[in-house]
Structures are given as structure tokens and as C-alpha cells.
Amino acid sequence: MATAATTAGSLRGRSWWAKHGPGMVVWFFLIIGTVLSLLPYVWMVFASFKDNNEIFSATIRFLPEQWRFENYVLAWTREPVARGILNSFIMAAGETAGNMVFAVLTAYAFARLRFRGRDFVFLLVLGTMMIPTQVTMIPQFILMRWLGWVNTYQGLIVPRMLTAFAIFLMRQFFLTIPFELEEAARIDGCGRLRCLISVLLPLTGPALATLAIFTFTQSWNEFFWPLIVVSSPEMRTIQLVISALRGQEMIEWGVLLAAVTISAIPTGILYVALQRYFVQGIVMSGIKG
Amino acid sequence: MGQTRVERLRSPGSVLPPAAPPRKGLLARIWGELRREEARTGWLFLLPAMVYFAIFTGFPLAYGFWVSLQEWNMMSPRMTFIGADNYLALLDDPTFRECLANTTYFTVGIVICVIVFSFLLAVLLNQKIRNMTLFRGIFYSPAVTSVVAISVVWLWILDPEYGFINQLLRAVDVIGPRWLADSNWALPGLIMTAAWRNIGYFAVVFLAGLQGIDQMYYEAASIDGANWWGRFRHITVPMLMPTTFFVLVMTIILSFQVFALVYVMTGGGPGGATSVIVFYLYKQAFVYFRMGYASAVGYVLFVIIFALTLIQFRFLGKAAEV
């Protein structure tokens, strides 16, 4: 199009290009980026309705010739996908609830109360973010054995129930709320805990939502810790179920991809509905750098 | 008390040292502090978190080091103290060195892809076009999907015969590499997969950095006659230094900890070509049950990540000053 315009008349062409060119370049790359980002998802969903022969065919066809809905039925009933989803829900909900309660309590002390030693403890908490989780994983597993928590929900949840990131996120948010609000309530004889619950928490909605969504997604996608803690098939989270299906001798790809598609639905819905908070989380975590 | 002392020291008139306040014992001082309601409440609020971190982070960190000095197979209750032998054995372990090399290769690949493409994507997302949040949402979506799910999909994309990439290449008469089945191409395959997952995420981080730059600078530079390259070179790049630093450190730390991708896609193969540090740690601990040795691997990883963070702090700290 641009060349056609330039041949028509160089002056008019140049002004046309100056006006529309940059925008077209931007659109061109945006479309390429969109295709690259979405193509794997599109293929995943379509292939989850195919059988092995069709998935591994010599020509790329996205739409299935025959829609095999039974892949989903098989994944849900014959394979332990339903149980995996349930286990993942329990784990993610537990971790999210724990982080919300404990991070709020801790961050309140760090952000709103003044006492000696506070900043030192805060630095220690921040320092734990520099420890790779894999380093503490083996001793944590030994701890789970001592507690008898191997292959249990508490074993999955409790060691991930409070993170330094959650505390940091809530503290940053609490710092932005004016102190006068709380002081007025204090003068009226409001206790600390009541102050936190009835004055501060109502203002914390966006931060809490960000924290909840972040923790839930991360926990839903977690792989390593469940891999270590879970030892029986019925305790497997959805990620472990998928990994086990992929490890079989004869992989039924349609069923495997149906399981993958199912596993991506909960976080996918959260993401589409609450995208704003996901981005908020990155921006807030970016502050620390 | 402390404040009045500082004030007296600072006041210009006082030449003589102030009379020392009556010294109190540590316990008495703690008691005095805890008589304040605010301090008492503060510690009370911190208590659950402190106990929690002591049990689930502090103790494992210390105990992990203790285990790394032992020979222990976890099944038997008996540990044998062998001092630094696990660490010395690691130095001589060719498989570990290979894992270290693989991890470094993977990390360098990811860092280059992420820094370049995330930045370009962020510049793209920073253009003023309607519905840009929609595009931001699309580019970010891989970061919300689990590594396990992405790995399964990319197994097909990288399939040597029927995969998307090699079929595209065949359409233009190029025979693509055998990717995950070829020890030279397996790591690049993993890098592509991981890059696809992370570029959108870090693009949003870069975007936040770009949007944090005051438009005033650009306007001033334009008035002074700077072209887009000059503005980019002298405003965007230096102003984006802190963000780039954050992205760099995060990418390196994340890449050094890569595990699920390798576990699902290659299982460390072919022939150990994609075995990375954490995968080695996992196998030593939970396949061969060499807990002491695996803990030593974990500690080496810890030291590497810690050192990298410190080096980059210093290096980029200097670069930012110039």
C-alpha cells in the first residue's frame, strides 16, 4: 500500500506515509506478536479434540476433522483430572487464605507501628526473598516427614502459607494510607486490631485482590513442591496429573491436551476477569527493584 | 532518652561530653520498651510471622547446611558426618559441571531473549493506540499459564516431524533441527519455550519503567533538536537503567532455578544435554536419595545466586553513577 501511494505522487505519498506509516508499523508488529502469543493456545484447544493420528499428521491443520468431545470425558472420568483440579483448588485456596491473613497482620506492624527492632526484622524478612526455594526444599521435606505431613494437604499448604513477597506487597500499600485516618479512630478508643479491620482493611481492597490473585495463580501453577510432597495418585495436583499423563508409555495426546486445557481454565478466567490486578501486582513488585 | 542525648551532642555549644545517663541492663531496656503499648502490640503482630519464618525458612536453611555435611540416604535414621566431602566431591563431579554449563547456557539465552524482545515489546506497548490494554493482556497471558501446560504444548511445536516450526521450515524447503531429540538443539528449544513464557511478563515490567519516565525530558530534548535516536540513547536508556537491572537480576535468578520445564519436556535428556542444576538436585535427593550431596548442590546454587545478585548490584550501581 505504501509503495502504491509513493508511485502515485511522491509528495502526496510521503505525507501519507508520514501520517500513517508509524501507526502501520506498530500495527504490523502488534499483529505478529498477537499471533505468536495466541497460536499455541489455539492449537492446544483444537488439538484437544483430535486423536493421535490427526495431531501427528504431515500437514498442519488447526481445526479437527472430527470433534472428539470424548477426550474431555476421558480426561475427566478415566484420568484423575477431576481429583487433580479439586486438590489444586484446596492447595491454592489454603495458600491464598493463609497469605492474606498473616501478611496483613505482619505488614500492619511493619507499616503502621513504631518500635525498636522493627526495621531489622523487616530486613530479615526481605532477605528471605534472596533464598532460592530449592535450597530449603530438602530440609522442608524432612520437616514434613517429622511432622507426618508428607502426602497431606497441610504438607502442601503450610510451608507456602506466608511469603516475604506478600508481606512486602501489603506493607507498601499500608504505607500509602494516611496516618491521620487511624489516629482519629484511635482517639475514639479503637483498639489496634479493630483499627486494622474496620479502618484500614476497607481501604485495602485493590492490594488484597492483587495479593489473592497472585498467590492463587502461583500456587495453582506450582510444580516442584507438590512433586516432592505428594506420594499417592489421589493427592496429585492438576499439574502433577498432567505430568504423569505425559510420562506414560503410550501418550494419548488428545486426552493429555484436554487435561491441559481444563487446567488452564480457572487461572484463565481469573486473568480475563481481573487483568487489572495482575498488572498492578507486577508494577508493585517492580518497586522493590 | 536516646534522642535527648543525640540532641545534646549535636548542639554546637556543648564541648564537654554530656553526663552519661544511668546505664540500664539489656533486660531492663527491653522491659522498658515493652511497657509501651505500641511496641508490645507491634511484636505481638510480628510474632506469628517470626515463628513461621523460623520454622519454615530459618530452620531449613540451617538444617540444610548441616545435612550437606553428612552422608545420609534418608531411609536410615543414621547420618554420617563427613565434613566438606560432599562439596569436594561436587568439584570433581563431571556431571555437575555439565549441569552448571547447561544452566549457564540456558540463562544467557534467556537473558538475551528477554532483555531484547521484552524491551522492544514494551516500546511497542507504549505507543498511543486504542485498545492497547487488550494487547498487553494478550502478550502477558503466557505468564499466567503454568509451565507444565506450556511444556506440553511446546513438545508439539518442537516435534521434529510433525511440529509447527519444522513443518513451517519444510514449507520453505528447510529441514529443521531435531530440537529436543538432538543434544545440540535441545537447550535452544527449551530457551525458546521459556522465552515465550517470560517475554510478555518482563515487557510489562519494562512498560512500567517506560511510563515512569517524565515526558518533560522528551519535550525538552525535542526543543533542543534531538532526533528519536538521540532521545532514545540519552533519555530512555539511562532512565531505564534501574528497570533493566531489575529485569536482568530476576531473569538470571529465575533461569538458574529452572526445573518444571526440563522435568516435563526432556527429563534432562538427550544424554544429559538439558540437565540443569535444580534437576540434578532433584535427582540426587529424590531418585538416588543422596540427601547430603543434594543439599550441597542446593547450597552451591544459593551461593551462585547470591554472588550474582551482589556482582550485579555493584556493576550496575557504578554504571548508574556515570
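User: What should I know before I start?

Analyst: The model is predicted, so local features need pLDDT of at least 70 and side-chain atom pairs count only at pLDDT 80 or more, while totals for chains, interfaces and linings use all residues. Residues are numbered from 1 along each chain as its sequence is written, chains are lettered from A in the order in which they are written, and side-chain values use heavy atoms, with hydrogens and water left out.

User: Which domains does chain A have?

Analyst: Domain bounds come from an automatic or database domain assignment. For chain A they are domain 1 (2–69) and domain 2 (72–286). Their C-alpha centres are 37 Å apart. Contact means heavy atoms within 4.5 Å. Here 11 residues from domain 1 of chain A and 10 residues from domain 2 of chain A take part.

User: How much area is buried between domain 1 and domain 2 of chain A?

Analyst: Buried area is the accessible area (1.4 Å probe) that two parts lose on being put together, summed over both. Between these two domains of chain A it is about 820 Å², with 67% from carbon and sulfur atoms.

User: And which domains does chain B have?

Analyst: Chain B has domain 1 (17–68) and domain 2 (88–321). Six residues from each of these domains of chain B make the contact. About 420 Å² is buried between them. L61(B), V67(B) and S68(B) supply 75% of the area that domain 1 of chain B buries against domain 2 of chain B.

User: How many residues of chain A are in contact with chain B?

Analyst: 91 residues of chain A touch 82 residues of chain B. The two chains bury about 7,700 Å² between them, 77% of it on carbon and sulfur atoms.

User: How many salt bridges are there between the chains?

Analyst: A salt bridge is a side-chain nitrogen of Lys or Arg within 4 Å of a carboxyl oxygen of Asp or Glu. Chain A and chain B share two. In one salt bridge, E37(B) meets R186(A) at 3.5 Å, N to O.

User: Which residues lie nearest the centre of the second largest pocket?

Analyst: A pocket is an open set of points on a 1 Å grid over the protein atoms alone, where a 1.4 Å probe fits, with protein on both sides within 12 Å along at least five of seven lines; lining residues have an atom within 4 Å of a point. V123(B), L124(B), N126(B), Q127(B) and L210(B) lie nearest the centre here, and 28 residues line this pocket.
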